[in-house]
Amino acid sequence: MSQPGLSRREFFLQSAVYGSSLWVLLNMPRPRAMQAAEESSARAALTEEQWITVEAITGRILPTDQEPGAVEANCVNFIDKALAHEDAQAKPLYDAGLAGLGAVAHRRFEKPFTQLTPEQQDEILAALESGKADGWPNALVPSQQFFETVRAHTIIGFLADPKHGGNRGYAGWKVIGYPGGGHHLGGYSPAQMIGKEKIKTVWGEEV
Amino acid sequence: MAKRDEFDVCVIGTGAGGGVMLQELTAAGFRVVALQRGPFLKPADFDDDELRTVIRDEVFSADQVETYRYDENSPTETGRFNYTANCVGGTMTHWAAWSWRFRPDDFKVLSTEGPVVGASLADWPITYDEIEPFYQRAEWDFGVSGDAAGNPFGAPRKKAYPNPAHPGRSASNRVVQAARKLGYHPFPTPVAINSQPYGARAECVHGGACLGYGCPIGAKATSLSVCIPKALATGKLDLRPNATAREITIGKDGRARSVRYLDSQGKEHEVFARAIVVAGNAIGTPHLLLMSTSGSFPHGLANSSGLVGCNLTLHHIAAVAFTIDEPGRGFTGLHSHAAFDDLHPSDPKRGFIRGGVVGEANSPTNQPLSFALVTYQGYPAQRAWGRELKDYLRKFPRSIAVAAILEDLPMEANRIDLDPTVKDRYGLPAPRITHRQHPNDFAMNRWFTQRLMDVADAGGAVDKWEAQYYSLPTERSAMKGFMHFHGTCRMGDDPKGSVVDRWCRSHDVKNLWIVDGSVFPTSGGYNPTLTILANSYRVADHFVREAKRQQS
């Protein structure tokens with residue numbers, strides 16, 4: 001087997017640095033282990049402190065506004081379960097990245113990330129995203145790579161099927177107006193395809 | 001001594017090319033063994049889970065390893081660059097089912113255009129008229145739905161499609177309006193998906209997840225849903241999933257003799273056959289031939305020309321995403337409901353030769369994760385997170401994409417060979433892709449992107465952006481892989497300039513045949529699968545007639 005970790009890093013670096021990605025590069029080989037990512041919020045990979053920090057980051061990547069954001073969608077639970085199973089190879093990146101985030105937050109504001117205001121958190125995350133975070137300790141783990149990984153994970157946790165542990169109560173699908181898998185729902189009529197008839201969602205509403 | 005594991009024919013690969021051979025040769029009474037890497041999936045294995053199926057790709061090709069380099073002087077990357085499905089039925093299992101006939105000039109690119117510096121243009125050894133009856137056969141076996149009179153720029157035909165076109169969705173209707181406004185001639189995209197019950201398969205329910213997904217109800221025509229059941233029903237097929245071919249051996253008589261393959265545990269087996277058909281796609285086929293070295297073929301089987309693996313073509317894509325002021329219902333229906341072909345005919349005045357077809361396309365735009373992670377590439381955001389990202393996601397129901405499938409010019413140095421260091425899980429060398437683009441590709445991609453921007457504007461775009469998946473944003477860009485693979489075992493009349501003859505039989509090894517996209521000398525500006533199918537019917541027809549002639 002070659003080094004799947006390398007592909008992962010390359011992808012996240014590529015999406016961070018060049019702003020373009022190949023569809024196929026998202027399709028990285030991974031172990032097929034994840035069976036139990038139902039809405040169990042028992043921690044599987046993250047420590048309690050890591051959990052609340054990751055939750056806070058996700059809350060800035062997809063913030064709560066007039067509609068639910070990553071926190072309500074329980075994206076951190078998706079990430080925790082992914083790190084325990086399919087994406088276990090990214091766990092060291094999270095460990096190093098969260099330590100780095102803590103160091104940067106302390107250098108700038110002398111507080112843990114979770115105790116900062118949303119504006120201060122955004123400032124820290126922007127610094128990580130740009131690769132210019134003062135106090136980032138680990139030259140081996142670029143801060144951009146950590147940021148891009150959490151960003152992608154947050155999006156996936158927001159929009160993947162709830163059975164993977166995020167998108168709680170279909171929060172993400174409600175925000176974007178996606179009714180759920182079409183074959184699941186029995187398909188769509190010609191009138192529904194042109195908006196002449198409403199569509200029933202997986203959670204039982206009509207849109 | 002145990003009885004030798006021996007068959008009339010061994011077919012390696014069960015996708016579009018191999019599937020038709022299995023269907024046709026078993027129907028003609030041959031005893032056939034089929035080897036396929038990956039599992040034998042059932043409709044119950046397919047669902048709409050985008051994370052599992054498309055993003056994590058746990059269903060189709062989990063253990064594929066490839067390497068890529070831009071040219072011989074560039075560093076090599078390891079990854080997965082081609083969107084294949086390694087399972088019974090092959091990549092066609094998750095195809096979008098766009099079903100085109102190539103135009104007559106697609107078979108004669110060199111004589112139509114003349115030589116082009118830096119490109120290895122070639123004519124196909126066959127004409128459109130020779131393959132036309134087999135296109136018809138493919139359309140009727142696979143139940144293509146469409147409007148046969150819809151495309152004034154399409155290839156001439158003698159018979160309509162067997163099924164009527166599918167109804168449109170709001171998004172495709174908007175693209176149709178826009179194309180008409182620009183003076184184009186839009187028509188329903190022809191697809192091998194049942195618009196009514198056909199061929200013992202169900203009518204499509206327009207569930208929206210086609211490209212990248214297996215069809216859970218079998219309405220999509222694939223090798224898995226059409227060919228494999230027919231071939232198995234003859235009782236003549238020994239189908240062996242989880243069988244990774246690693247070498248074709250050659251006998252003292254110079255004929256292919258056996259295939260050595262590995263099961264899922266890595267244990268080696270050997271199966272013998274009087275004829276061997278390779279259909280592993282334009283990456284897998286040269287990969288296998290190059291691994292099959294012997295005294296008479298030190299540089300790979302059937303490779304006296306030195307061209308096995310060369311002239312890889314992958315297509316390139318121009319794509320524009322835009323949003324409109326009402327729901328597009330893009331997550332319903334097929335992958336594509338509308339297309340136009342007005343920009344396809346070659347016109348050197350545009351600053352490039354050749355062209356391609358344009359279609360409305362719902363993936364990767366009208367599926368949540370793909371919209372957020374893939375279509376987003378190219379979106380002009382100030383910040384890729386926070387409120388801006390959330391506002392982008394809220395555009396989802398009103399988003400539409402149009403894409404052009406563009407012909408890339410072949411270059412001999414673009415090729416597949418064996419990676420000298422990277423191995424797969426069995427210890428076999430990874431296929432190494434060396435690929436860059438001809439200048440014609442960049443000119444074409446830029447021009448088509450502008451035309452697609454015009455379509456977005458004519459369609460009432462609220463905002464629009466170049467969706468940069470598979471596009472060529474800079475002159476150093478290159479396709480590292482795609483879903484369309486062609487060219488690496490060209491067919492031709494000259495044994496020095498091609499790998500197989502007009503019947504797709506090796507010039508060097510008289511009982512070795514290749515029936516996949518690798519025999520395409522040029523790639524055409526259309527999705528290739530219907531042409532792979534038609535060519536396979538043509539080869540099967542010849543194979544059976546030759547066998548009968550030799551018997552009598």
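**Sheet in chain B.** I looked up an open sheet of four strands in chain B and found the order 4-3-14-13 with mixed pairing. Strands here are DSSP runs of E with at least two residues, helices runs of H or I with at least four, both numbered from the N terminus. Two strands pair if DSSP finds at least two bridges between them. The edges are strand 4 (77-79) and strand 13 (415-423) of chain B, each pairing on one side only. Strand 3 (residues 66-69) of chain B runs antiparallel to strand 4 of chain B, joined by three bridges. I noted Glu66(B) opposite Gly79(B) in strand 4 of chain B.

**Source.** This is a predicted model: local features need pLDDT of at least 70, side-chain atom pairs count only at pLDDT 80 or more, and totals for chains, interfaces and linings use all residues. Residues are numbered from 1 along each chain as its sequence is written, while chains are lettered from A and ligands numbered from 1 in the order in which they are written.

**Ser292(B).** I found Ser292(B) in the loop between helix 7 (281-291) and strand 9 (316-323) of chain B. Is Ser292(B) buried or exposed? Ser292(B) is buried, because 25 other C-beta atoms lie within 10 Å; the cut-off for buried is 20 or more, for exposed 12 or fewer, with partly exposed in between, and C-beta atoms are placed from the backbone. Leaving out residues up to four places away in sequence, Ser292(B) touches Glu247(B), Ile248(B), Gly300(B) and Leu301(B); contact means C-beta atoms, placed from the backbone, within 7 Å. I also looked up Pro431(B), 139 residues from Ser292(B) along the chain, and their C-alpha atoms are separated by 13 Å.

Key: Two residues are in contact if their C-beta atoms, placed from the backbone, lie within 7 Å.
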